[in-house]
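Please keep the sequence and the structure in view while reading.

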Amino acid sequence: MKDRLLWGVVGTGAIAVDFVESLQRSSRCSVVNVSGSSPAKARDFATRWSLPASSSSFDEMIADKNVQAVYVATPHPSHEAQAIACIEAGKHVLCEKPMTMDAAGTERVVEAARRRGVFLMEAFMYRCHPLIATLVARLRDGAIGQIHHVRADFGFSAPRDPSGRLFAPELGGGGILDVGGYPVSFCRLIAGLAENKPFAEPVSLQATAVLGPTGVDEHAAALLTFASGLTAQATCAVRHGVGTQTVVFGEQGKIFLPDPWIPGGKRHALESTFTIVREGKDPETVTVKTEKSTYAIEAELAADTIPNTEAPWPAMTWADSIGNMKVLDAWRAAIAR
């Protein structure tokens, strides 16, 4: 899309703030409307960020002819219905992860976008960042030889609030749905490189978890095995600070990323790094610099992709989102036994 892409935002929480703040400095994208859980919240949000409009309801916002694309930034149980409503209104959609509560829901959203011919992407913003493209290039060049194993973690310790979205089952609580998609998507991406494909699906999954008083997984780990023989360990948590690091292990060394999910460790960081450690050589720190923060990179990728309906790899394609959700479904099923 050559012209500036005009966005509406559904939701007024922290992640919506990060998105709107990033686009304040974008030359390709602008936020022109917002809807929230109440008209007052939407008005306050619009005033805070000097947006030209706010809407009293979600339906009013997606009816706004000035809105070309919608960023869905609500809690994930709302994603499917809101994404499909946006699509049916002819809007392009960037939907926060997970796109839906299960793979069947993701397939329904994808099919709606396919029928309507609009852009749709699951908002794993790290997959749009040049840090990942640089990592992929170095791995393809054989920086550590044949890839054998991946370890990917995303966990933090939040206060246990039984009624909050992280801990309430009816709100999709638990680490797997909240942040488990990140390590799983990373493992599938790297496993795909080992198979010379954009991504790979595990042929087996073993899982364990610590379930909290509300019944959701507060800490969970999965061991994935792929057809190439590559293994991967994915860990997530909402009550344990397991960290945000990934390590890719190869025949000749390893690559350590301190925080691929939020490159640079800050949502608006313009510099990020990873370290290559090889046998018999000094560690090499690879620095990746950008002119835009991560959310702006993601939104501008959408603008640059339209009128095509799927973002270019290594961003999340439709098949990648469906495959990722199938693994999350399997992980959740494994710990429920």
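In this predicted model, the largest cavity holds about 40 Å³ of space, and the structure has one cavity of 30 Å³ or more. The largest pocket, by comparison of kind an open space, has a volume of about 780 Å³, and the second largest pocket has a volume of about 210 Å³.

**The cavity**

- The lining of the largest cavity is made up of Lys97, Pro98, Glu122, Phe124, Leu177, Gly181, Asn324, Met325 and Leu328, which by class are five nonpolar, two polar and two charged residues.
- Helices α7 and α9 each supply at least two residues of this lining, and α9 gives the most to it, with three residues.

**The largest pocket**

- The largest pocket is lined by 33 residues, and those lying nearest its centre are Ala14, Ile15, Ala73, Thr74 and Arg165.
- Two or more residues of the lining come from each of α1 (14-23), α4 (79-88), β6 (147-157), α7 (175-194) and α8 (294-305).
- Sorted by class, the residues that line the largest pocket are 15 nonpolar, ten polar and eight charged.

**The second largest pocket**

- Around the second largest pocket there are 13 lining residues, with Gln146, Ile147, Leu193, Ala194 and Asn196 nearest its centre.
- The elements that contribute two or more residues to this lining are α6 (130-140), β6 and α7.
- The lining of the second largest pocket has five nonpolar, six polar and two charged residues.

**Packing of α4 and α5**

- Helix α4 packs with helix α5 (residues 103-116) at an angle of about 5°, and their axes are 9 Å apart.
- Because angles under 35 degrees count as roughly parallel, α4 is described as roughly parallel to α5.
- On the α4 side the contact is made by Glu80, Ala83, Ile84, Ile87 and Glu88, and on the α5 side by Gly105, Arg108, Val109, Ala112, Ala113 and Arg116.
- The residues of this contact comprise six nonpolar, one polar and four charged.

**Backbone geometry**

- Most residues other than glycine have a negative phi, and most peptide bonds are trans, which is the background for the points that follow.
- Ile306 and Pro307 are joined by a cis peptide bond with omega of about 20°, and Pro307 is found in the loop between α8 and α9 (318-335).
- Trp313 and Pro314 are likewise joined by a cis peptide bond, here with omega of about 10°, and Pro314 lies in the loop between α8 and α9.
- Ser50, a residue other than glycine, has a positive phi near 55° and is placed in the loop between α2 (39-48) and α3 (58-62).
- With a relative accessible area of 64%, Ser50 is exposed, because exposed means over 50% relative accessible area.
- Asn196 is not a glycine, yet has a positive phi of about 60°, and this residue is found in the loop between α7 and β7 (204-211).
- Asn196 has a relative accessible area of 70% and is therefore exposed, while also being one of the residues nearest the centre of the second largest pocket.

Technical notes. Residues numbered from 1 in each chain as written. Predicted model: local features only at pLDDT ≥ 70, side-chain atom pairs only at ≥ 80, totals over all residues. Heavy atoms only, no water. 1 Å grid on protein atoms, 1.4 Å probe; cavity = no way out; pocket = protein on both sides within 12 Å on 5 of 7 lines; lining within 4 Å. Points joined across faces, edges and corners; volume = space filled by probe spheres on them. Helix = DSSP H or I, 4+ residues; strand = E, 2+ residues; numbered from the N terminus. Nonpolar A, V, L, I, M, F, W, Y, C, P; charged D, E, K, R; others polar. Axes fitted to C-alpha atoms, helices over the stretch in contact; angles between N-to-C directions. Parallel < 35°, antiparallel > 145°, perpendicular 65-115°, else oblique. Contact = heavy atoms within 4.5 Å. Buried < 20%, exposed > 50% of the residue type's maximum accessible area, 1.4 Å probe, protein only.
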